[in-house]
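Biologist: I have a model open and I'd like to learn how to read it. Could you walk me through it?

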Amino acid sequence: MKIGTKDFDLSEKCSIMGILNVTPDSFSDGGKWNHLDTAIAHVGAMIEEGAAIIDIGGESTRPGHVQITDEEEISRVVPAIQAVKERYDVPVSIDTYKSKVARAAIEAGADMINDIWGFKYDPEMAKLAAETGVAVCLMHNKDTTEYLDFMSDMVRETLECVEIAHAAGVADDKIILDPGFGFGKTPDHNLSLMKHLDDFCALPYPVLLGTSRKSTLGKVLDLPVDQRVEATLATTVLGVQAGCRIFRVHDVKANYRAMKMTEAICMAE
């Protein structure tokens, strides 16, 4: 798969997506990187530590978050995207579910759309993706946590996102799927997702896993958000074994090392 100018062999190799939240209120690092100089320095550090993609978000999507206007979100992400692309030769993903924001981000240099609603929130998003030809990550999400059969329902609902993409003209080789750990799911659902992740990875698309520092990890271990690195590493290891190919994380160095070690073991004869 091509993301920006870079080729990714997502059939065989795993990659790290480093998170850059240019927000004052994200659940883990809100306010930490919303000054451009510190944000750009952090991106450089993440690349040095092994990040192959940088995911930039301008609106918190934590539980109970308050939606901001498109204009405010654009004012946060566009300068960050431009600065990253000016300084680093790295693909940039825009973490948004709004087509107006995504368009501005792509015009600023973004190479990928990471949509937490999998094209189900904004009907213009799939059209934009087809028009621009950028890579897309479609995440499973829903307004409730009700399922008849959790895994089969989740897979079916994710494939609905793929159908929306296809209907708009998005090519298969541009699509990545995300099971949506922490979105539209109870903690028990999230643990079940991790246990049966190989079922999701059996779908004919590369899978991105985003568990980094999330509340289910804190609930299991009774730990605050800044002490969930080891829990995240456990999910990264399981994700590699199950067949995930991209890992969206805050703590790049630790997850990169865990990912590469697990990958080497899995590829051994």
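Modeller: We'll go through confidence, then the sheet, then a pair of helices. This is a predicted model, where local features need pLDDT of at least 70, side-chain atom pairs count only at pLDDT 80 or more, and totals for chains, interfaces and linings use all residues. Residues are numbered from 1 along each chain as its sequence is written, and side-chain values use heavy atoms, leaving out hydrogens and water.

Biologist: What does the protein average in pLDDT?

Modeller: pLDDT is the predictor's confidence in each residue, from 0 to 100. Here the protein averages 94, and 95% of the residues score at least 70. Over residues 26-31, though, pLDDT stays under 50.

Biologist: In what order do the eight strands of the open sheet come?

Modeller: Strands are DSSP runs of E, at least two residues, and helices are runs of H or I, at least four, numbered from the N terminus. Two strands pair if DSSP finds at least two bridges between them. The order is β8-β7-β6-β5-β4-β3-β10-β9, with parallel pairing. β8 (175-178) and β9 (208-209) are at the edges with a single partner strand each, so one side of each lacks a neighbour in the sheet.

Biologist: How many bridges join β4 to β5?

Modeller: Four, between residues 51-57 and residues 92-95. Isoleucine 56 sits opposite isoleucine 94 in β5.

Biologist: At what angle do the axes of α4 and α5 cross?

Modeller: Axes are lines fitted to C-alpha atoms, for helices over the stretch in contact (heavy atoms within 4.5 Å). Angles run from 0 to 180 degrees between N-to-C directions. The axes of α4 (residues 124-132) and α5 (residues 150-168) cross at roughly 55° and come within 8 Å. Ala126, Lys127 and Ala130 of α4 make the contact with Ile164, Ala165 and Ala168 of α5.
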